[in-house]
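Here are my notes on the model we talked about, point by point. Have the viewer open while you go through them.

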2 protein chains.
Amino acid sequence: MQLDQLDRRIVGVLLEDGRATFAQIGDRVGLSAPAVKRRVDRLVSSGAITGFTVRVDPSVVGWSTEGYVEIYCRGSTSPAEILKAVDKHPEVVSASTVTGEADAILHILASDIRHFEQVVERIASEPFMVRTKSELVLSPLVRREQGSIPD
Amino acid sequence: MQLDQLDRRIVGVLLEDGRATFAQIGDRVGLSAPAVKRRVDRLVSSGAITGFTVRVDPSVVGWSTEGYVEIYCRGSTSPAEILKAVDKHPEVVSASTVTGEADAILHILASDIRHFEQVVERIASEPFMVRTKSELVLSPLVRREQGSIPD
DNA sequence: GCCGTCGCACAAGAATCTTGCGTGAGAGGC
DNA sequence: GCCTCTCACGCAAGATTCTTGTGCGACGGC
C-alpha cells in the first residue's frame with residue numbers, strides 16, 4: 001500500500017506519541033479528527049501500522065543486561081530452523097539472518113549476566129549450532145528502535 | 001521505583017496493545033478503570049513507561065534495507081564522542097558500546113543499499129574512526145524489540 | 001454536461017477519560 | 001487494645017474524546 005504525505009505525517013506524530021488524540025493529530029497535519037481516525041484505521045487494517053505499544057525503561061522492568069550474539073550454524077541450516085530455535089526464548093528481542101561470516105545476529109535482553117549466559121547456553125545447545133560469539137552492551141547510546149519517516 | 005505484580009501485568013497488557021482502554025486493562029488485571037489509570041499515570045511520571053508509540057511495518061514506511069555495523073575507534077575515543085557522531089543520523093536506530101573487539105555496534109535502517117552505504121560512509125569519515133564492519137540483514141526472523149515482562 | 005468515486009468537514013449519540021469523594025486495610029505510636 | 005496516618009481502591013458524574021452517519025465539493029471518465 002502507498003502512503004501519501006499526510007499518512008507519513010500522521011505516522012510521524014504517532015511514533016512520537018501513540019496516544020495523541022485524533023484532534024491533536026489533526027491540528028498538526030491539517031485534518032479534522034474524523035478524517036485522521038479514518039486514515040489511522042486504514043493504516044492499521046492495511047498493515048502499515050502493525051500495532052500500538054508502550055516504550056518501557058528496560059532497567060525498571062528488570063532487563064539490566066543486554067547483548068548481541070552472532071551465531072554460526074551448520075551449512076545446511078535454514079532460516080526457519082533458526083527461527084524455531086530462537087523464537088521460544090522471550091529474551092531474544094530481535095533476530096536476523098545476515099551477510100558475512102555469521103549466519104544470524106540475535107539481540108538479547110536478560111536480567112543479569114548469569115541469565116544472559118543461560119540463554120546463550122540453551123541456544124548454543126541446538127543441534128545445528130556450531131558456535132556463538134557474544135558481545136555484551138556496555139552502555140546504550142541511541143535507542144530509537146523505529147526510525148523516523150523519510151519524505 | 002519498584003513495580004509490583006499488578007504494575008507488571010498492566011505493562012504487559014500495554015506492550016501488546018498500547019491503546020487498550022483502562023477498563024479493558026482493568027478486566028485483565030482485576031482493577032477498576034480509575035485504579036488502572038492512576039497506576040499508568042504513576043508509571044509514566046516515574047519513568048517506568050517512557051512513552052506511547054506505534055509499531056510500523058518498516059518496508060511500508062520506506063525502510064527496506066537493514067544492517068548491523070561494528071565500529072572500531074582510536075583507543076582514546078569516549079562513548080560520548082561516538083554518541084555525538086552517531087546521533088545525528090536518523091538512520092541509526094540503535095547504538096551501544098560493547099565488549100569484544102569492536103567498540104560499538106550500530107543498528108541501521110535505510111531505504112536501499114546505496115543509502116545504507118552512504119550512512120556508513122559518513123560515519124566512517126569521523127576523525128576517530130579506524131574501521132567498520134557491516135553485516136546486512138537478509139531476513140528478519142524475530143522482531144519484538146521490547147522483551148516481555150519477567151515475574 | 002453528467003455521473004461515479006473519493007476524501008473531507010460537520011454533528012450527535014456512545015464510549016471513554018478524569019477527578020473528587022468516601023471506605024477499608026495495613027503500619028506504626030502510645 | 002486503640003488510635004491515627006497513609007495508601008490504594010471503587011463509585012459516580014461531568015468533561016472530553018471517539019465513532020458513525022450525512023452531505024458537500026473536487027476530480028476524472030464517458
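1. Start with the surface near DNA strand D: H3(B) is the top contributor there, giving four residues. Bear in mind that this is a predicted model. The whole set around DNA strand D is Thr21(A), Phe22(A), Pro34(A), Lys37(A) and Arg38(A) from chain A, plus Leu31(B), Ser32(B), Pro34(B), Ala35(B), Arg38(B) and Arg39(B) from chain B. Of the atoms of DNA strand D that come within 4 Å of the protein, sugar and phosphate make up 57%. By residue class, that surface splits into five nonpolar, two polar and four charged.

2. Some atom pairs at DNA strand D are worth a click. The side chain of Arg39(B) puts an N or O atom 2.7 Å from a phosphate oxygen of DNA strand D. For a base, go to Arg38(A): an N or O atom of its side chain sits 3.1 Å from a base oxygen of DNA strand D. The elements giving two or more residues to this surface are H3 of chain A and H3 of chain B.

3. Now DNA strand C. Which residues are around it? From chain A you'll find Leu6(A), Leu31(A), Ser32(A), Pro34(A), Ala35(A), Arg38(A) and Arg39(A), and from chain B Thr21(B), Phe22(B), Pro34(B), Lys37(B) and Arg38(B). Sugar and phosphate account for 73% of the DNA strand C atoms that come within 4 Å of the protein. The residues here divide into six nonpolar, two polar and four charged.

4. The atom pairs at DNA strand C go like this. The side chain of Arg38(A) has an N or O atom 3.3 Å from a base nitrogen of DNA strand C. Two elements give two or more residues to this surface, helix H3 (33-46) of chain A and helix H3 (33-46) of chain B. H3(A) gives the most, with four residues.

5. What does S2(B) pair with? Strand S4 (residues 104-110) of chain B runs antiparallel to S2(B) and is joined to it by seven bridges; Glu70(B) is opposite Ile105(B) there. Strand S5 (residues 129-143) of chain B also pairs with S2(B) in the antiparallel sense, over seven bridges, and here Gly67(B) faces Leu136(B).

6. His107(A) deserves a check, I think. It belongs to strand S4 (residues 104-110) of chain A. Is His107(A) buried or exposed? Its relative accessibility is 6%, so it counts as buried. The side chain of His107(A) makes a polar contact of 2.8 Å with the side chain of Glu66(A). Beyond its sequence neighbours within four places, the contacts of His107(A) include Gly67(A), Tyr68(A), Glu91(A), Ser94(A) and Glu145(A).

7. Two threonines to finish. Thr53(B), in strand S1 (residues 49-56) of chain B, is buried at 5% relative accessible area. A polar atom of its side chain lies 3.0 Å from the backbone oxygen of Leu15(A). Residues up to four places away in sequence aside, Thr53(B) touches Leu14(A), Leu15(A), Gly18(A), Phe52(A), Thr53(A) and Arg55(A). Thr77(A) sits in the loop between strand S2 (65-73) and helix H5 (79-87) of chain A and counts as buried at 15% relative accessibility. A polar atom of the Thr77(A) side chain is 2.8 Å from the backbone oxygen of Arg74(A). Neighbours within four places in sequence aside, Thr77(A) is in contact with Ile82(A) and Phe128(A).

Definitions and conventions: Residues numbered from 1 in each chain as written. Chains lettered and ligands numbered in written order. Predicted model: local features only at pLDDT ≥ 70, side-chain atom pairs only at ≥ 80, totals over all residues. Heavy atoms only, no water. Near = heavy atom within 4 Å. Polar contact = N/O pair within 3.5 Å; in protein donor to acceptor, adjacent residues only side chain to side chain. Nonpolar A, V, L, I, M, F, W, Y, C, P; charged D, E, K, R; others polar. Pairing = 2+ DSSP bridges. Buried < 20%, exposed > 50% of the residue type's maximum accessible area, 1.4 Å probe, protein only. Contact = heavy atoms within 4.5 Å.
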